[in-house]
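I opened the model today to look up its sheets, its ring pairs and a few single residues. My entries follow in the order I made them.

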Amino acid sequence: MPEQLPEHMSPEEFRRHGHAAIDWIADYWASLDDLPVRAQVAPGDVRRQLPESAPETGEPFDAVLADLDRIVVPGLTHWQHPRFFAYFPANSSPAAILGDLLSSGIGAQGMIWATSPAVTEVEQVVLDWFAEALGLPEAFRSDGPGGGVIQDTASTATFTALLSALHRASGGEARVSGVGDVGWRVYGSTQAHSSLVKAAMMAGLGEEAVHAVDIDPDTQAMDVDALRDAIVEDVEAGLRPVMVHVAAGSTSTGAMDDIAAVAEVVREWGVWVHVDAAWAGVAAVCPELRDHLAGVEVADSFVTNPHKWLLTTFDCSTFWVRDRAALTGALSILPEYLRNAATESGEVVDYRDWHPQLGRRFRAVKLWAVLRTYGLEGVRAHVRSGVALAEHVADLVAADDRFEMVTEPALSLVVFRLTAGDEQTLAAMEAVNASGEAYLSHTTVNGRAAIRLAVGSWRTTQADVDRTWRALQEAAAAQG
């Protein structure tokens, strides 16, 4: 006798539990202000509360929600907390969450146009909208030679850019025979994101293929003369430059490399120019905040993450290329089971050729929902609020002689320290973090410790900034 089929939720049960889940999220948001920002658990505390094996018989969904409160929430660091200022925000918003829910409910797999035409075409249009809103060049639009695609993270975008660069530089040989013994070299400043090294590792070039270029100690931006010297040195040694990573807002301090100057230096060697604006790029929705993208029209690829500062639930990393031929040439594979008339007509885009993965979810819905419900006026207001709050933090630092700025504020990122020294700086930050009052992160600038405060949450107000500053002042006073 066949085994009894599992019981699925009926539409009525799904509706009831769905309402309960939305209610849980709304209650969670409402409770955040009273919760410690950083998780207050020790290693293993959460694991010990979970059974060692999955249940043999099904449990009611209500039990899952109950355990979120009992087990999960106490073990969370609350990234949506209004006083989460560490790293960069992992932003969300009600509209994005509902968009993500709709994507999950639709459950389409958009690996090729034919498997769900709307998944591809909505994404193309949304990325064209967004490219226009950011002031990106016409070549990045879907009706031009390039186009855009939503990746999971900027790390994947950097890896994809490197594969495209290798394809172009090798005349297609890299995808057929591998990277060989050419001696490829990749360039980025000493402040470039760690994903650059990981991309070189995954592409088979190895860590040593990444040539770290010195920076200007004042701005933390790439020293363009040092880049030129590095490339000349490598070429004379018989090595082959293939890609340069340009940081339009570094992770550590928000440093802005000079895109146009870098592109001019590498032009002679045909080097692929990849602009990593993962955090800071979205600020370009505000025309007055586009200076850091000056020169982007000469870039071969560009990435920015709406899931960091633009109200869109993770994961949503928007990536554009100037010439899609290099990208699809590096990554396109067409097994028999994916052949179809639309693909062979050449009239459609198959996004499976635009990133390493085959399968892809309908990520565009959440960005579509954000852009439509907030409008460009709304997202600009959100970005401007973050910049204004960062300027307020800089003013607070300037008004307290126990603190000093380390670099100039970069959009919504402020980097500062205690004048007393590294030990006192880190101790004050950790005291605030341990208290649960706020959550900050640190970095090292020119060999000295510094505190990073990154504004950007959709729930953060000036009152949250002021409350965090008072906690820092108290922590500084405790250092003596």
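Before reading any strand partners, I noted the rule: two strands pair if DSSP finds at least two bridges between them. Helices (H or I, at least four residues) and strands (E, at least two) are DSSP runs, numbered from the N terminus.

This is a predicted model, so I kept its limits in view: local features need pLDDT of at least 70, side-chain atom pairs count only at pLDDT 80 or more, and totals for chains, interfaces and linings use all residues. Residues are numbered from 1 along each chain as its sequence is written, and side-chain values use heavy atoms, with hydrogens and water left out.

**Entry 1: the seven-stranded sheet**

I traced an open sheet of seven strands, in the order S1-S7-S6-S5-S4-S2-S3, with mixed pairing. Its edges are strand S1 (147-151) and strand S3 (210-213), each of which pairs on one side only. Axes here are lines fitted to C-alpha atoms, for helices over the stretch in contact, and angles run from 0 to 180 degrees between N-to-C directions.

Next I went to S4. How many bridges pair strand S2 with S4? There are four, and strand S2 (residues 184-189) runs parallel to S4. Val186 stands opposite Met243 in S4. S4 also pairs with S5, in the parallel sense, over five bridges. There I found Val246 opposite Val275 in S5. From S4 the chain crosses through helix H10 (residues 259-266) to S5, a right-handed β-α-β crossover. Right-handed means that, with the strands pointing away from the viewer, the path from the first strand over the helix to the second runs clockwise. H10 lies across S4 and S5, and runs at about 175° to S4.

S5 and S6 run parallel and are joined by three bridges.

Is S4 enclosed or open, and why? Seven of the eight residues of strand S4 (residues 240-247) are buried, so the strand is largely enclosed by the rest of the structure. Buried means under 20% relative accessible area, exposed over 50%, and partly exposed in between (1.4 Å probe, protein chains only).

**Entry 2: the four-stranded sheet**

I then followed an open, antiparallel sheet of four strands, ordered S8-S9-S11-S10. Strand S8 (403-405) and strand S10 (441-445) are its edges, each pairing on one side only. The twist averages 40° from one strand to the next. Strand S9 (residues 413-418) and strand S11 (residues 448-454) run antiparallel, joined by four bridges. Leu413 has Ala454 in S11 as its bridge partner. Helix H14 (residues 364-398) packs on this sheet and touches S8, S9 and S11, at about 15° to the direction of S9. Contact means heavy atoms within 4.5 Å. I also found helix H15 (residues 422-435) lying across S9, S10 and S11, at about 30° to S11.

**Entry 3: rings**

I counted on this rule: rings of Phe, Tyr and Trp (its six-membered ring) pair if their centres lie within 6.5 Å; planes under 30 degrees apart count as stacked, over 60 as edge-to-face and the rest as tilted. The structure holds 14 aromatic pairs. Among them is Trp24 with Tyr28, stacked at 5.3 Å centre to centre and 5° between the planes. Both sit in helix H1 (residues 11-31), four residues apart, so about one helical turn separates them. Trp24 and Tyr28 are buried.

Trp279 and Trp309 are stacked as well, with centres 6.1 Å apart and planes at 15°. Trp279 lies in the loop between S5 and S6 and Trp309 in helix H11 (residues 306-309), so the pair ties together parts 30 residues apart in sequence. Both are buried.

Ring pairs also link Trp79, Phe84, Tyr87 and Tyr439 into a cluster.

I checked for charges over rings (NZ of Lys or CZ of Arg within 6 Å of the ring centre and within 35 degrees of the ring normal). Arg452 lies over the face of Phe88, at 4.9 Å from the ring centre. Arg459 lies over Trp458, at 5.9 Å.

**Entry 4: Thr343**

Thr343 lies in helix H13 (residues 341-345). Its relative accessible area is 16%, so it is buried. What does Thr343 touch, not counting residues up to four places away in sequence? I listed Leu334, Val348, Asp350 and Arg352. The C-alpha atoms of Thr343 and Trp113 are 7.5 Å apart, though 230 residues separate them along the chain.
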